[in-house]
Amino acid sequence: MSTSGGYAGKILWVDLSTGIIEKVPTEMYADRFLGGRGIAAKIHWDEVPQETEVCDPENRLTFITGPVTASTGFAGSRWQVCGKSPWSNTFSYGNLGGSWGAWLKMAGYDGIVVYGKAETPAYLW
C-alpha cells in the first residue's frame, strides 16, 4: 500500500466536464507540503483563480488523506475535504474520520481532486 513516507503514491484528478480521469504522482506535492491538507492547499493555490466562485467549474474539491491514514499503530483514519468555502469564499477544509480515508489509501490513492461541470448527474465507481 504505502510507497514512500506513508503515501500510496497517486492522486486521482477527475474532470467532470470531459470525463477524463488522470493519475498524478503524490510525490509532486508530498516532498514540499505536509499532510493531506498541505497538499490540498497547494493544489488549490496553483489551480483555482482567486475570483473563482464556489460552484464554478474551475473550483477544485479535494478529498485527501495524510501519511498516517490507514497505518497500523496509529489507528489513523482521518481524512480531509478541502475547497473553497461557500461561507467565506476562501480555501477551507473539513476533517473527517471513519474508514473511507483508509479504504481510499488501501485502494492505492492518496486523494481525489474533482473539478469541472457534468452535463448530467455523475458518480465515481
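**Cysteines and nonpolar cores**

There are zero disulfides in this structure, which is a predicted model. Take C55 to begin with: no disulfide includes C55, and the nearest cysteine sulfur, that of C82, sits 17 Å away. Seen from the other end, the sulfur of C82 has C55 as its closest cysteine partner, and at 17 Å that is too far for a bond, because a disulfide calls for sulfur atoms within 2.5 Å. The surroundings of these cysteines can be set out too. C55 counts as exposed, at 75% relative accessibility, whereas C82 is buried, with a relative accessible area of 2%.

C82 also turns up in the largest nonpolar core, a set of 12 residues. Its other members include W13, V24, Y29, I64 and Y115. At least two residues of this core come from each of β1 (10–15), α2 (35–47) and β6 (111–115), and α2 gives the largest share, with three residues. Another core, of six residues, lies apart from it, with L12, L104, Y109 and I112 among them. In soluble globular proteins, nonpolar side chains tend to be buried together.

As for V24, a member of the largest core, its contacts beyond four places in sequence are G9, K10, I11, W13 and Y29.

Then there is T65, which belongs to strand β3 (residues 61–65). Leaving out residues up to four places away in sequence, T65 touches G36, R78, W79, G101, L104, K105, Y109 and D110. Of these, L104 and Y109 are also listed in the six-residue core.

Technical notes: Residues are numbered from 1 along each chain as its sequence is written. This is a predicted model: local features need pLDDT of at least 70, side-chain atom pairs count only at pLDDT 80 or more; totals for chains, interfaces and linings use all residues. Side-chain values use heavy atoms; hydrogens and water are left out. Buried means under 20% relative accessible area, exposed over 50%, partly exposed in between (1.4 Å probe, protein chains only). Helices (H or I, at least four residues) and strands (E, at least two) are DSSP runs, numbered from the N terminus. Contact means heavy atoms within 4.5 Å. A nonpolar core is a set of buried Ala, Val, Leu, Ile, Met, Phe, Trp, Tyr and Cys residues joined through side-chain atoms within 4.5 Å.
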